[in-house]
Amino acid sequence: MPSLERSEVEALEAVEAVGACDFGSGLAFMKPRGVLDQPSPVCVIESISITIDMADMFRAAAVLGNLTVMMVVVPSSGALPSAPRDVAPVLVSSRFTRLGWRPPLETHGTILTYGVFYSQEGINRERSVNVSEPESLQLTVSNLKPEAVYTFRVVAYNELGPGESSEPIRLTTQPELQVPGPVENLQAEATSPTSIQASWDPPAYANGPIQGYRLLWTEMSSGKEQSVEVLGQSYRMEGLKKFTEYSLRVLALNRHGPGISTDEMVITTLSDLPSAPPQNISLEVIYSRSIKVSWQPPPASAQNGFITGYKIRYRKTGRRGEQEAIEPNNLWYLFTGLEKGSQYSFQVAAMTVNGTGPSTEWFTAETPENDLDETQVPNQPSSLHVRPLPNSIIMSWTPPLNPNILVRGYIIGYGVGSPYAETVRVDSKQRYYSIENLEPSSHYVISLKAFNNAGEGVPLYESAVTRSMSAVVRIKSKPVARSHVCVVVEFGGVFRGAE
């Protein structure tokens, strides 16, 4: 190291005079200002620990003059994770191993990842691989050599970097087993909506007599895997889901165990009739001679194929039914030319290429004698009654008094202190509704208004306080005489008796 000139000694003394605290280890470089990129004497101070407040900074600058001090601070080991614990092999094979460990005792923040470092004995090169999820405490290291000795260690990382390394462990991979190669010419065919026939040829290299085959199939949507061991070179899988994708693979077995798997083959079972009817059927009387029928497709698990259309059967009460076929993308149909003042019933069924599935039950609506007025909004409902319970409010109402204005439905609004927090629409024929999932002992404001295509009518308001849970009435009875019953009513823990 070059000798220090007087100015450099003064600078060092100034830095030392600033004060000290534990900042970790670091390096300090001092050079004349303006010549940082030119060769010049450098004073290297190792393991310097300083802290500088603003006043000390200005005082140090006055003494340092034209010297620049650059500090490279390395994080203290106290801020980094301690070593992962209990590193051990979970599984050791011929060409891979799976390691497991426990988290460090001291993380000093969030663990971002774990790194597994490994090297083969006799080769001076260490490789590393990180876990894909920070919470994972296991990792598979692949591409190892059979019957080779490896050293492994694990390091945890937080926001500041790698922590302390675990103690290294040594392990030896297993000898290469002479298992069969993959079977050849794997073929599969869907033979019905619930079965698949698979066949294959023996592997090109068996490494000994073949003792059987293992066929594995996985339902793609759920990931559920099943397997069977067979002696022959074909198998029929039964009891599968209709119109469902499955992946298949086959392994040959010899005395050393299962061999190399084939690539996955994906196949879909055949389609079938829908096994459930359409859902959420609704009828809307549009005018005195038309009714709109709406629906939703059957549940996805019951469609059993691509829906190719819908069939609607309808009939006037007392007459034979008729039928309409609807395109698959249409989820409603408007029946026109109906008779006034008549009752009609409707049912809907879905179709696939295999045919028509089950129909819904009959839904009924009645056309009015005359077209009602829809040039103006409906009047207020004529009455609204509410009955509060601890977690619900039961509503009931009567329609507007003017029967000549068309009502297409009602809009219910409710909320704590305001009727605009939640809204629900119900059918024009509905006369009651239960508002659920409310808070006990809370003041709710409720609104009800009728609507049609002209707009929404004037709302009617009510308020109610849901009951407290302790106010739930419990009635106990016990015989006190041959024909008398004693009734005990409990209100919030207070008993009152009456005969």
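Two residues are said to be in contact when they have heavy atoms within 4.5 Å of each other, and this is the sense of the word in the legends that follow. The views show a predicted model, in which local features need pLDDT of at least 70 and side-chain atom pairs count only at pLDDT 80 or more, while totals for chains, interfaces and linings use all residues. Residues are numbered from 1 along each chain as its sequence is written, and side-chain values use heavy atoms, with hydrogens and water left out.

**Figure 1. Overview of the protein, with its three helices and 38 strands.** Helices (H or I, at least four residues) and strands (E, at least two) are DSSP runs, numbered from the N terminus. Of the 499 residues, 36% count as buried, where buried means under 20% relative accessible area, exposed means over 50%, and partly exposed lies in between (1.4 Å probe, protein chains only). Among the contacts with a separation of 6 or more, 61% are made by residues 24 or more positions apart.

**Figure 2. The loop between β4 and β5, seen at R95.** Leaving aside neighbours within four places in sequence, R95 is in contact with V141, S142, N143, L144, P146 and E176. R95 and E176 are 81 residues apart in sequence, yet their C-alpha atoms are 7.9 Å apart in space. With a relative accessible area of 43%, R95 is partly exposed. Not counting residues up to four places away in sequence, S94 touches L144, K145, P146, T173, Q174, P175 and E176.

**Figure 3. The second largest pocket, with a volume of about 360 Å³.** On a 1 Å grid over the protein atoms alone, a cavity is a set of points where a 1.4 Å probe fits but cannot get out, whereas a pocket is an open set with protein on both sides within 12 Å along at least five of seven lines; lining residues have an atom within 4 Å of a point. Grid points are joined across faces, edges and corners, and a volume is the space filled by probe spheres set on the points. Of the 16 residues that line the second largest pocket, S93, S94, E176, L177 and V179 lie nearest its centre. By class, this lining has nine nonpolar, five polar and two charged residues, where Ala, Val, Leu, Ile, Met, Phe, Trp, Tyr, Cys and Pro count as nonpolar, Asp, Glu, Lys and Arg as charged, and the others, Gly among them, as polar.

**Figure 4. The largest pocket, with a volume of about 820 Å³.** The lining of the largest pocket is made up of 29 residues, and those nearest its centre are V285, V407, D427, S428 and K429. Two or more residues of this lining are given by each of β20 (279-287) and β27 (363-366), and the largest share, seven residues, comes from β20. The lining residues divide into 16 nonpolar, six polar and seven charged.

**Figure 5. M395 in strand β29 (residues 393-398).** M395 counts as buried, because its relative accessibility is 0%. Apart from neighbours within four places in sequence, M395 is in contact with L384, H385, V386, I412, R431, Y432, Y433, I435, I446 and L448. M395 and I435 are 40 residues apart along the chain, and a distance of 7.7 Å separates their C-alpha atoms.

**Figure 6. Aromatic rings, of which a search of the whole structure finds twelve pairs.** The rings of Y150 and F152 have centres 6.2 Å apart and planes at 40°, so this pair is tilted; rings of Phe, Tyr and Trp (its six-membered ring) pair if their centres lie within 6.5 Å, and planes under 30 degrees apart count as stacked, over 60 as edge-to-face and the rest as tilted. Both Y150 and F152 are buried. Elsewhere, ring pairs link Y314, Y333, F335 and F346 into a cluster.

**Figure 7. Charged side chains over rings, shown for R153 over F117 and K292 over W332.** A charge sits over a ring if NZ of Lys or CZ of Arg is within 6 Å of the ring centre and within 35 degrees of the ring normal. The charged end of R153 is 4.4 Å from the centre of the F117 ring, while K292 lies over the face of W332 at 4.9 Å from the ring centre.
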